[in-house]
Amino acid sequence: MVLKAFFPTCCASADSGLLVGRWVPEQSSAVVLAVVHFPFIPIQVKELLAQVQQASQVGVTVLGTWCHRRQEPEESLGHFLEGLGAIFSHKPWFQLCRERGSKSWSCKATHWQGPTSHAASGEDQVMLIFYDQRKVLLSQLHPPAVLPDRQAGDTTASAGGLAAVFDTVARSEALFQSDRFDEGPVRLSHWQSEGVEASILVELAKWAAGPVCLLLACLLSLVSAASACRVFKLWPLSFIWSKLSTCEQLRHRLEQLTLIFSTRKAKNPAQLMRKDLIGQLADALIPVADHVAKELQHLLQWLMGAPAGLKMNRALDQVLGRFFLYHIHLWISYIHLMSPFIERILWHVGLSACLGLTVALSILSDIIALLTFHIYCFYVYGARLYCLKIHGLSSLWRLFRGKKWNVLRQRVDSCSYDLDQLFIGTLLFTILVFLLPTTALYYLVFTLLRLLVVTVQGLIHLLVDLINSLPLYSLGLRLCRPYRLAAGVKFRVLEHETGRPLRLLMQINPLPYSRVVHTYRLPTCGCHPKHSWGSLCRKLFFGELIYPWRQRGDKQD
Amino acid sequence: MEDEQSFSDIYGGRLALQRRCYSPSCLEFCLSCPRITLRSLTAVTCTVWLAAYGLFTLCENSMILSAAIFITLLGLLGYLHFVKIDHETLLIIDSLGIQMTSSYASGKESTTFIEMGEVKDVVINEAIYMQKVIYYLCILLKDPVEPHGISQVVPLFQSAKPRLDCLIEVYRSCQDILAHQRATSTSP
C-alpha cells in the first residue's frame with residue numbers, strides 16, 4: 001500500500017521537529033502543514049492544535065517526526081523519537097529524515113500497534129510530493145467545465161484528492177499566524193518562515209489608500225447627486241440623454257467608478273488631448289461632411305433622371321428630388337455655419353475620453369449619428385410617404401373587390417358601395433399604383449443608406465460591449481500571478497535513487513486565457529435588438545419605421 | 001531503469017519511444033516525433049518567395065517583398081510555437097493519476113493531469129482518419145452519475161500517431177499499473 005505525503009518545500013530546510021498536518025484516509029495521503037521545533041511541551045502543542053481545529057474546522061493533528069541533521073541517527077535520538085510516537089498517537093506514524101546538505105531523503109510510515117508489541121508494527125511505502133505552500137494557499141482550482149445536465153451537487157461529491165489538499169491548506173490560515181521567530185510557547189515553521197514580503201512602497205500605498213479612497217468616494221457621490229437632480233429629468237434634456245450613446249456609457253462608467261476606484265480602462269487615449277490632433281480631426285470633419293452631401297446630391301440627380309433604366313413619373317420625381325435637394329442645401333449651410341466652433345467643441349468633448357476607450361468610441365458613434373442626421377430625415381420622409389401609399393393601396397384594393405375593413409371586429413367584411421364611391425375609389429387606386437414605383441425607389445434608396453449607417457453604429461456598439469465585458473483584472477492576474485487561477489496541477493519526478501522513496505514536485509497548472517475570459521466575463525449592458533429577422537423584413541415592406549436598438553429603460557417612441 | 005525503442009507512425013516517419021521506470025508504481029513514456037526537415041522548410045520558403053516575386057513583377061511595389069519576408073519569419077515562429085510538437089510524454093503514478101505533456105519545438109509545454117479516481121480504463125480504440133483506419137490509445141473517464149457509464153474519452157499521443165506495435169507496449173505497462181492500483185484500492 002503506497003501512502004502519499006504532501007510536504008511543503010519551505011520546510012525542507014527546517015530543523016528537526018514534529019510534523020503537523022491533516023490525514024485524509026480516503027486518499028491515504030497526509031498533508032503536512034507545518035513543523036513544530038524542539039523544545040516544546042506536549043500539552044501546549046495539543047492546546048494549539050485544538051485551537052486551530054476549532055477555528056478552521058480542519059482536523060489538524062501531529063502526523064509524525066521530522067529529522068534534519070548532519071550525521072547518522074544516534075540511538076538515543078531514535079528512542080526519543082519513538083517515545084514521541086507514544087505521546088501523540090496517530091495511525092500511521094510518519095518518520096521523515098533528511099541528511100543536511102544532501103538530496104537523499106528517507107521516510108517510513110509505521111502502524112503503531114501499542115507500547116507492548118514493538119515488533120509487530122507494519123511498514124508501508126511512502127511517496128513524497130513537494131508543494132509550494134504559499135502558491136497552493138492563494139490558488140483557486142477551476143474544475144473542468146461541468147456538462148449542462150449535471151447538478152452542482154454531483155461534482156462536489158466526486159471532487160478528487162487534490163481538491164482536498166488545496167482545501168486543507170487554504171482553510172488552515174489559523175495555523176500560519178505564529179512563526180518560529182515569535183515568542184510564543186510553540187515554535188512553528190511554515191511558508192511565513194521563508195520571509196514575509198515587505199516593501200516600503202507597498203506599505204506606504206496601503207496607508208495612503210484609505211484616505212484617497214474616502215476622498216474619491218465623496219467626489220463621486222457629489223457627481224452622482226448632481227446628475228440625479230430634477231433638472232435633468234425634464235423632457236427635452238431627458239430625451240436627448242436617452243438618444244445619445246455617450247450618456248449611456250458615461251452613466252455606466254460612473255457606476256463602475258463608484259464600485260471600484262481605480263478602474264482605468266483599456267488604454268488612456270491621452271493623444272486625443274494634443275492640440276494639433278484635435279485640429280486635424282476638426283479640419284477633416286468638414287470636408288467629409290461636404291463630400292457626403294455632394295455624393296447625396298449626385299444620387300438624387302441620378303434618381304431624378306432614369307435610374308437603372310426605369311422610367312419614373314416625371315412630376316412626382318421632380319417634386320421629391322427638389323425637396324430633398326433643398327434639405328441637403330440647408331444641412332450644408334448649417335455645417336458651414338458651425339465650422340469655426342467645431343474644433344473647440346471637439347476638444348472639450350475629447351476631455352471626457354480620459355474616462356476610457358469605450359467613452360471615446362461612444363463619442364465617435366454619436367458624431368456619426370449627428371453627421372448623418374440628414375440621411376435619417378430622408379429615411380423618415382421616404383418611409384412615411386411609402387407607408388401612407390401602401391395603406392391607401394390596400395384599402396382601395398379592398399374597395400376594388402367590394403370589401404371593407406371592419407375596425408370594430410378587426411376583420412375584412414363585404415360591403416356594398418355606391419357607384420360614385422366605386423368610381424372615385426378605382427381612379428385613386430390607379431393613380432396610386434402608377435406612382436408606386438417612384439415612391440418605392442426613393443424609399444428603397446434611403447432605407448439602404450440608413451441601414452448602412454445603422455450597421456456602422458451597431459459595430460461600434462458591439463466593440464464597446466466587448467471592451468466593457470472584458471475581465472481585465474482576471475487577465476492581469478493570469479499574466480502576473482498565474483498560480484492564483486489554477487486549472488489543475490502538474491507533477492515532475494525529482495532525482496531518484498533506488499531504495500529511497502519516490503519524490504515528486506507538484507506545480508500549479510495555470511488556466512488558459514480563453515477559459516479565464518469565459519469564466520470571468522463581466523455582465524454587459526447588452527442592448528440586443530428586439531426584432532427577429534422576420535418582423536424586421538415585415539416592417540421594411542410595409543414602411544414602418546425601425547429603431548434598431550433600445551437603451552435600457554427606454555419607453556417606446 | 002531506462003530503455004529506448006524505435007517505432008514508426010501511421011505515415012511511416014520514425015518515432016523513438018523512451019521508457020523510464022522510476023519505481024514499480026511510477027512509469028514514464030516519452031514519444032519523440034520526427035523533426036522538421038530542412039527540405040520541407042526550404043520548399044515552403046521558396047514557394048512563398050517565388051509567389052511574392054511574381055506579385056512584385058505584376059505590381060512593381062517593393063513592399064510585397066518585405067511583407068513576404070515578414071510573413072515567412074512570423075509564420076515559422078508561429079508554427080514552432082503553436083503547431084510543431086517535439087515530444088509527448090505520458091507519466092503514470094499509481095494512486096495519484098495520469099499526466100500527459102506535449103512539448104512544442106519552441107520549448108512551450110502544455111500539461112494535463114487526470115486523477116486516478118476519475119480513470120475508468122485505458123484502451124486501444126479504432127478510428128477512421130481521412131482515408132485510413134488507425135489505432136489510438138485513449139483513457140476512459142468515469143461518469144459521476146452512472147457507475148458503469150463513460151463520461152469522456154481522452155485520446156493520447158495525438159500528434160505522434162504511433163502504430164499498433166508501439167501502442168501495445170504502452171498499453172501493457174499501463175494495464176499493469178492500473179491492475180495493481182485496483183487491487184490495492186479495494187483492500188482496506
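This is a predicted model: local features need pLDDT of at least 70, side-chain atom pairs count only at pLDDT 80 or more; totals for chains, interfaces and linings use all residues.
View 1. R171(A) makes a salt bridge with D167(A), and the closest N and O atoms sit 3.2 Å apart (a salt bridge is a side-chain nitrogen of Lys or Arg within 4 Å of a carboxyl oxygen of Asp or Glu). Why do R171(A) and D167(A) lie about one helical turn apart? Because they are four residues apart in helix α5 of chain A (helices are DSSP runs of H or I with at least four residues, strands are runs of E with at least two, and both are numbered from the N terminus).

**View 2. Salt bridges in chain B.** E28(B) pairs with R20(B), with 3.8 Å between the closest N and O atoms. E28(B) is buried at 15% relative accessible area, while R20(B) is partly exposed at 27%. R35(B) pairs with D86(B) at 3.9 Å, again for the closest N and O atoms. R35(B) sits in the loop between β3 (26-32) and α1 (38-59) of chain B and D86(B) in strand β4 (residues 85-93), so this pair ties together parts 51 residues apart in sequence. R35(B) counts as exposed at 63% relative accessibility, but D86(B) counts as buried at 18%. Shared partners also link E2(B), R20(B) and E28(B) into one salt-bridge network. Over all chains, the structure holds six salt bridges.

**View 3. Where chain A touches chain B.** The contact takes 18 residues from chain A and 17 residues from chain B (contact means heavy atoms within 4.5 Å). About 1600 Å² is buried between the two chains, with carbon and sulfur atoms giving 63% of that (buried area is the accessible area, with a 1.4 Å probe, that two parts lose on being put together, summed over both). The largest share, four residues, comes from β12(A).

**View 4. Inside the nonpolar cores.** The largest nonpolar core has 71 residues, and those with the most contacts inside it are F7(A), L19(A), F94(A), L96(A), F491(A) and M506(A) (a nonpolar core is a set of buried Ala, Val, Leu, Ile, Met, Phe, Trp, Tyr and Cys residues joined through side-chain atoms within 4.5 Å). Strand β3 (residues 29-37) of chain A gives this core its largest share, seven residues. Leaving aside neighbours within four places in sequence, F94(A) touches residues including L3(A), W23(A), L63(A) and V126(A). A second, separate core of 28 residues includes L17(B), L31(B), I98(B) and L178(B).

**View 5. Two loop residues with positive phi.** Q410(A), a residue other than glycine, has phi near 55°. Q410(A) is in the loop between β10 (403-406) and β11 (411-414) of chain A, and is exposed at 52% relative accessible area. F157(B) also has phi near 55° and is placed in the loop between β9 (150-155) and α3 (164-186) of chain B. F157(B) counts as buried, at 8% relative accessibility.

**Notes for the views.** Residues are numbered from 1 along each chain as its sequence is written, and chains are lettered from A and ligands numbered from 1 in the order in which they are written. Local features need pLDDT of at least 70 and side-chain atom pairs count only at pLDDT 80 or more, while totals for chains, interfaces and linings use all residues; side-chain values use heavy atoms, with hydrogens and water left out.

Methods:
Buried means under 20% relative accessible area, exposed over 50%, partly exposed in between (1.4 Å probe, protein chains only).
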